[in-house]
Amino acid sequence: SLIVFENGEVKRDEYRRYKLGDVLDDFESIRMVIRKRYTKHELPDLLFVDGGFGQVNAAYQALNEVGKECEVVGLAKEEEIIVTKAGEIKLSYDHPVLRLLVRLRDETHRVANAFQRELSTKRSLRSILDEIKGIGPKKKRILLERYGSVEQLRNVSREEIEQLIGKRATESLINEICGPKDF
């Protein structure tokens, strides 16, 4: 995820979330996001990455690949050490700069974790819908856009689902997600 703070204030309308596929490498994830974002957008005054020297270096590598320059700062976990290409900076835990960086990191984690939960929920619903006879791509898309999760779908009346996808498909759907019981 990418968040934007300007003058210490959150700018949620500029937040971005990126699908990176099955990339589990922290360094490659940082390189991918920076390449995606900054081939099209202006650089900020400062890039902040979650991590230590490896993550900071990955950010510099990606910036170099897109032909741009910007200062990069990282925050190494546990001891909350600020990392730059010039070295480490250790501040007291109550220092306002460190508190701001921790706030940035925590906000990025919040956004990324919420996005992962959303993707996971959609994947689980999508896989269930793929197995139901009578639910094709069009009906699947309608259900995913309207409800987003099996839990939300279970809380909808039979009549509402029938209006969306028809009686026969609704019957198959209800039998599959609720079992053969009264809906």
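## Overall size

The protein has a radius of gyration of 22 Å, whereas a compact globule of 183 residues would have one near 16 Å. The radius is taken over C-alpha atoms, and the globule rule is 2.2 Å times the number of residues to the power 0.38. Along the principal axes, the C-alpha atoms fill a box of roughly 65 × 35 × 25 Å.

## Model and confidence

This is a predicted model: local features need pLDDT of at least 70, side-chain atom pairs count only at pLDDT 80 or more, and totals for chains, interfaces and linings use all residues. Residues are numbered from 1 along each chain as its sequence is written, and side-chain values use heavy atoms, with hydrogens and water left out.

The mean pLDDT (the predictor's confidence in each residue, from 0 to 100) is 85. A pLDDT of 70 or more is reached by 91% of the residues. Confidence is highest in helix α2 (residues 53-65), at a mean of 96. Confidence is lowest in helix α5 (residues 150-154), at 77.

## Helices and strands

The protein holds 7 helices and 6 strands. Both are DSSP runs, numbered from the N terminus: helices are H or I with at least four residues, strands are E with at least two. From the N terminus on, the order is β-β-α-β-α-β-β-β-α-α-α-α-α.

## Surface, contacts and charge

Buried residues make up 38% of the 183 residues. Buried means under 20% relative accessible area, exposed over 50%, and partly exposed in between (1.4 Å probe, protein chains only).

Contact means heavy atoms within 4.5 Å. Take the contacts between residues at least 6 apart in sequence: 51% of them join residues at least 24 apart.

There are 33 positive and 32 negative charges, and their mean positions are 7 Å apart. Lys and Arg count as positive, Asp and Glu as negative; His and the chain ends are not counted. Each charge is placed at NZ of Lys, CZ of Arg, CG of Asp or CD of Glu.

R105 lies in helix α3. Its relative accessibility is 8%, so R105 counts as buried. Beyond its neighbours within four places in sequence, R105 is in contact with F48, D50, L75 and E80. R105 and E118 are 13 residues apart in sequence, and their C-alpha atoms are 20 Å apart in space.

E107 is also found in helix α3 (residues 96-130). E107 counts as buried because its relative accessibility is 11%. Leaving aside neighbours within four places in sequence, E107 is in contact with I3, F5, R12 and Y15.

## A loop residue and a helix residue

E80, one of the contacts of R105, lies in the loop between β4 (71-76) and β5 (81-84). E80 is not a glycine, yet has a positive phi of about 55°. E80 is buried, at 12% relative accessibility.

M32 lies in helix α1 (residues 26-38). M32 has a relative accessible area of 18%, so it counts as buried. M32 and A62 are 30 residues apart along the chain, but their C-alpha atoms are separated by 7.5 Å.
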